[in-house]
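We will go stop by stop.

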Amino acid sequence: MDRKNEGSPGGDKGAVLVIGMGRFGSRLALTVERLGREVLAVESDPEVIRRWSGRISLVEADATDPDALDQLGAQEFPIAVVGVGTALEASVLITSNLVDLGTAQVWAKATSAEHKRILERIGADHVVLPEADAAERLAHLVSGKLLDYIEFEDGFTIVKMRPPKETVGFTLGQLEIRKRYGVTVIGVKSPGVEFEYAADETRIGARDLLIVSGNTTLLDRFASRP
């Protein structure tokens, strides 16, 4: 193991450990750092090490070796992210090592539904499928009036959307959207006006943006109305 940056955060309680500096890991590490959180990146490929040396706190180590992670103090980090995805065996070994060391939160990248199930089974707290998640989100955005789309667990979703024509000119109290469509308007943003939390007297205009929450299927139906 070779520390390339002596100023690396190591066991800093607030730092995020990012393992794997490929496209996913490097973008994640740089963004987390830009948001004001300390980052320690771990990479085993010398060429990748040279590319990122001096740009981010970086350690050269083989994270599939539990002793290497132990020396890094991986268990002291509140969050560790396994950005290795294409090498399935390495991804599973690294995730398992972090879980065994007792790292508080282990996030891992998966490349397939089967890969995701394996990572969850060995104890990863959160598993993401970046390409699948991005494709599903894009499908919702291009298929209707949705301008933004965030899906949570158990089918709960929040969207930003244009109002259906049948809602324009009416107040939320008159429309009874929750009763009629099974979704909830959280707020309305009119052009040049501050965001307004939803109330019965809130009137919807043709150029307004709606923030709506509810079941994904019901939201899709509501957003697909003319």
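Helices (H or I, at least four residues) and strands (E, at least two) are DSSP runs, numbered from the N terminus. Two strands pair if DSSP finds at least two bridges between them. This is a predicted model: local features need pLDDT of at least 70, side-chain atom pairs count only at pLDDT 80 or more, and totals for chains, interfaces and linings use all residues. Residue numbers start from 1 along each chain as its sequence is written, and side-chain values use heavy atoms, without hydrogens and water.

**The sheet.** Select K189. Opposite K189 stands L209 in β12. Now show β10 (residues 184-189) and β12 (residues 209-215): they run antiparallel, joined by 5 bridges. Widen the view to the open sheet of 5 strands, in the order β8-β9-β12-β10-β11, with antiparallel pairing. β8 (146-151) and β11 (196-197) each have a single partner strand, so one side of each is left without a neighbour in the sheet.

**The salt bridges.** What joins E47 and R50? Select both: they form a salt bridge, with the closest N and O atoms 2.7 Å apart. (A salt bridge is a side-chain nitrogen of Lys or Arg within 4 Å of a carboxyl oxygen of Asp or Glu.) Both residues lie in helix α2 (residues 46-52), 3 residues apart.

Next, select R225 and E166. They also form a salt bridge, 2.9 Å between the closest N and O atoms. This pair links distant parts of the chain: R225 is in the segment after α9, E166 in the loop between β9 and α7 (172-175), 59 residues apart.
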